[in-house]
Amino acid sequence: RYETESRIRRPDGTVRWVQSEYYPVEWEAEPPRIVIVSRDVTERKERERRLVSFEEATDDLATADTPEEAARTAVDAAENQLDLAAVGVFLYDGDDGVLEPEVGSNALPGEVRELRVGPSDGALWEAFATGTVISADRTDEDGPADVVSNAPWESLADFRAIPLGNHGVLFVAARDTALGPDTIQSAHVLGATLEAALNHLRGERQLASQEEKLRTETERAERLDRLARLTQRVEAAITEESGP
């Protein structure tokens, strides 16, 4: 038994991937034969290709210098490699206590790209505050989830608000149809990758801050040491004098 993968071209010119498995079969009073079972695996191959392209595109996330640069890299990868057309990143501003719209694709409605989301203000804030994914089909006693309070944009057929730890929220939406399972899975992969990059940046900033603090304390200790040695020399010189 063995298997192969190959591409075929249909009469209409479309190219498909086919996986074939070959089984040797013994026939009574007949020569051995091979049974071939084939299936179309084009969609799987396309998913694999998108994931490989996504990994290559997000290599730059590891070298991003700022959260803004990481967010832009993630959105570009989502548009170009994962077929996530309507996607945006909202990062938390600790000074104002709100989610700021950092980067948004052109497919997002303008009112979404310009949102500043405050506490208890719809699905975006709920995803950030609770650390759970909020979807458009989630309902509660107040009805379907809105992107923000009192604003269920009719131009969005479906959406997911995916938390990025304490950094913010990744927002993925569809304007015409519901988000498919592959799209949702891709969005979760994108969110996890971006969160890891933001964690890395925060760790680097904290390390740089600690190094700067240590450098400052070292310089202060060296100044105090020089002052102490100078004081000792002055005191020694004073005690050697014979008069006032």
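The structure is a predicted model, in which local features need pLDDT of at least 70 and side-chain atom pairs count only at pLDDT 80 or more, whereas totals for chains, interfaces and linings use all residues. Residues are numbered from 1 along each chain as its sequence is written, and side-chain values use heavy atoms, with hydrogens and water left out.

The chain contains five helices and ten strands, taken as DSSP runs numbered from the N terminus (helices H or I, at least four residues; strands E, at least two). Of its 244 residues, 33% count as buried, where buried means under 20% relative accessible area, exposed over 50%, and partly exposed in between (1.4 Å probe, protein chains only). With contact defined as heavy atoms within 4.5 Å, 46% of the contacts between residues at least 6 apart in sequence join residues at least 24 apart.

Nonpolar cores were identified as sets of buried Ala, Val, Leu, Ile, Met, Phe, Trp, Tyr and Cys residues joined through side-chain atoms within 4.5 Å. The largest core has 28 residues, among which V89, L170, L190 and L194 touch the most other members. Two or more residues are given to this core by each of α2 (67-80), β4 (86-93), β10 (168-174) and α5 (181-240), and α5 provides the largest share, seven residues. Leaving aside residues up to four places away in sequence, the contacts of L170 include V87, V89, I162, A187 and L190. A second, separate core of 19 residues includes L115, V117, L124 and F159.

In helix α4 (residues 122-130), the buried residues are G122, A123, L124, W125, A127 and F128. These residues pack against β4, β5 (98-104), β6 (134-135), β9 (158-163) and β10. Just after α4, G131 adopts a positive phi of about 70°.

Aromatic pairs were assigned to rings of Phe, Tyr and Trp (its six-membered ring) with centres within 6.5 Å; planes under 30 degrees apart count as stacked, over 60 as edge-to-face and the rest as tilted. The count by this rule is five aromatic pairs. The pair Y2 and Y22 is stacked, because the ring centres are 4.6 Å apart and the planes stand at 5°. This pair links distant parts of the chain, with Y2 in strand β1 (residues 2-9) and Y22 in strand β2 (residues 15-25), 20 residues apart. Y92, W125 and F128 form one aromatic cluster.

Salt bridges (a side-chain nitrogen of Lys or Arg within 4 Å of a carboxyl oxygen of Asp or Glu) number 13 in the whole structure. One of them joins R39 to E21, with the closest N and O atoms 3.0 Å apart; R39 lies in strand β3 (residues 33-40) and E21 in strand β2, 18 residues apart. R39 is partly exposed, at 38% relative accessible area, whereas E21 counts as buried at 9%. Within helix α2, the side chains of R72 and D76 meet at 3.2 Å, N to O, and the two residues, four apart, are separated by about one helical turn. In helix α5, D225 and R229 are likewise four residues apart, and their side chains form a salt bridge at 2.0 Å, N to O.
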